[in-house]
Amino acid sequence: MNNNILASRLSAIKPSPTIAMTARAAALKKQGRDILSLSAGEPDFKTPQHIIDAATNAMNKGFTRYTSPAGLPEFRDAVARKLKRDNGLTYSADDIHVGVGGKQVIANALMATINHGDEVIIPAPYWVSYVDLVLLFGGKPVVITGHEKNNFKITPQDLEKAITPKTKWFIFNNPSNPTGMGYDKGELQALGAVLANHESIYILTDEIYEFLVYDDFRFTAFAEANPALFDRTITLNGLSKAYAMTGFRVGYGAGPRAIISAMNMVQSQLTSSTSTVSQWAGVAALDGNHDFIATHNAEFKKRRDMVLAALLSIDGISCVKPNGAFYLYPCVKHFIGKKTKDGKTIDSDDAMAEYLLERAEVALVAGSAFGLSPYIRISYATSMDILQKAMTRVKESLAELR
Ligand code: PLP
């Protein structure tokens, strides 16, 4: 094979570590291993029936052709209604871009705007794809860390310090994958106050876990908390998580029309559009009954509480109690430097994830993938039964370390 066949830009990126671990767990299962997978960011709930019915109806009505690259007008209208209803944000369909999941909307935004060397501020721990997408398009990720003692949230001072004349974007995720922590309105305004003084910086706010919040946490959209930044903000959201529609592949972004138009142009060359059938299902999702979200959240909350209690019963583990998404991000520092029964040293959270996969047969993702070690990410978007078994095994395997 010609060694030059692969583009040099690929040397800057790696496969998504969460997808890689999930695929590895599936491959081991196929070989007969009893692997419990807590690595995927995918709800285990069925897509609600009225959404499935809308997809079927769309096909039966012959809505099986291309839509415009911006997205199906009826779906963009439904997005505009949603943003008004839930977030108090006023957009028209022309301010909205629809892509193949939130992931592609982020990719389109960065492809449409990043020039070589542009800096993008990303709070860590971060969702795995932000850094690699910035690198893919020649940008420079500038990572700032939210520490455990501050519930993994960055401070306005951290943000101010990271800004340079080359800063183009601030990519923000609330509630967060991987920590599950949400920023409240006051915290969003404190970050917004910093950005208000730097007029050339744009904000990409990923709000895909908006509806997955617990206890008394109240979600506020970044642009809603910071009206002065509305013209510089792309609000990103999608159907994958709250509506259990990961396979439908629908995400959207709303923001300044010049950027949205550029994203539509990119889309017209890359994919034409996401699936028409999925967008019709999306109209039913956004406009339809949302009662299932409370039902799902009640179950997620039970799981969170169970897994958190199990983690805190393990000597040496600390874990912040998250108020959103479906992840926990326990610290495994206490175990770094310890040895397994067969003499291997756990020298990193990668080694810990490897050990738990091999010894406990539990698939988790190492904190290194999210830019903050030594932690592991646990997704509780799986059944209580699997979670209980997994936590028993994790506890037993950690107790073997010396
Ligand atoms: N943003 C965050 C924070 C996520 O966790 C994910 C999925 O894991 C996405 C975006 C992308 O989701 P999708 O492409 O399925 O809409």
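These legends accompany close-up views of a predicted model.

**View A. A nonpolar patch on the surface.** Ile5, Leu6 and Leu10 make up this patch. Together they have about 310 Å² of accessible area. Leu10 sits in the segment before helix H1 (17-30). Leu10 counts as partly exposed because its relative accessibility is 41%.

**View B. The cis peptide bond between Ala124 and Pro125.** Most peptide bonds are trans. Here, Ala124 and Pro125 are joined by a cis bond, with omega about 0°. Pro125 belongs to the loop between strand E3 (119-124) and helix H5 (128-136).

**View C. The cis peptide bond between Asn174 and Pro175.** Omega is about -10° at the bond joining Asn174 and Pro175. Pro175 is in the loop that runs between strand E5 (167-173) and helix H7 (185-196).

**View D. Asn151 and its positive phi.** Most residues other than glycine have a negative phi. Asn151 is not a glycine, yet its phi is about 55°. Its place is the loop between strand E4 (140-145) and helix H6 (156-162). Asn151 has a relative accessible area of 33%, so it is partly exposed.

**View E. Glu361 and its positive phi.** Glu361 has a phi of about 55° although it is not a glycine. The residue lies in the loop between helix H12 (349-360) and strand E10 (362-363). Is Glu361 buried or exposed? Glu361 is buried, because its relative accessible area is 19% and buried means under 20%.

How values were computed
Residues are numbered from 1 along each chain as its sequence is written. This is a predicted model: local features need pLDDT of at least 70, side-chain atom pairs count only at pLDDT 80 or more; totals for chains, interfaces and linings use all residues. Side-chain values use heavy atoms; hydrogens and water are left out. Patches are made of residues with over 30% relative accessible area and no salt bridge: like charges are joined within 9 Å, nonpolar side chains (Val, Leu, Ile, Met, Phe, Trp, Tyr) within 5 Å. Accessible areas come from the Shrake-Rupley method with a 1.4 Å probe; for residues, only the protein chains shown count as cover. A salt bridge is a side-chain nitrogen of Lys or Arg within 4 Å of a carboxyl oxygen of Asp or Glu. Helices (H or I, at least four residues) and strands (E, at least two) are DSSP runs, numbered from the N terminus. Buried means under 20% relative accessible area, exposed over 50%, partly exposed in between (1.4 Å probe, protein chains only).
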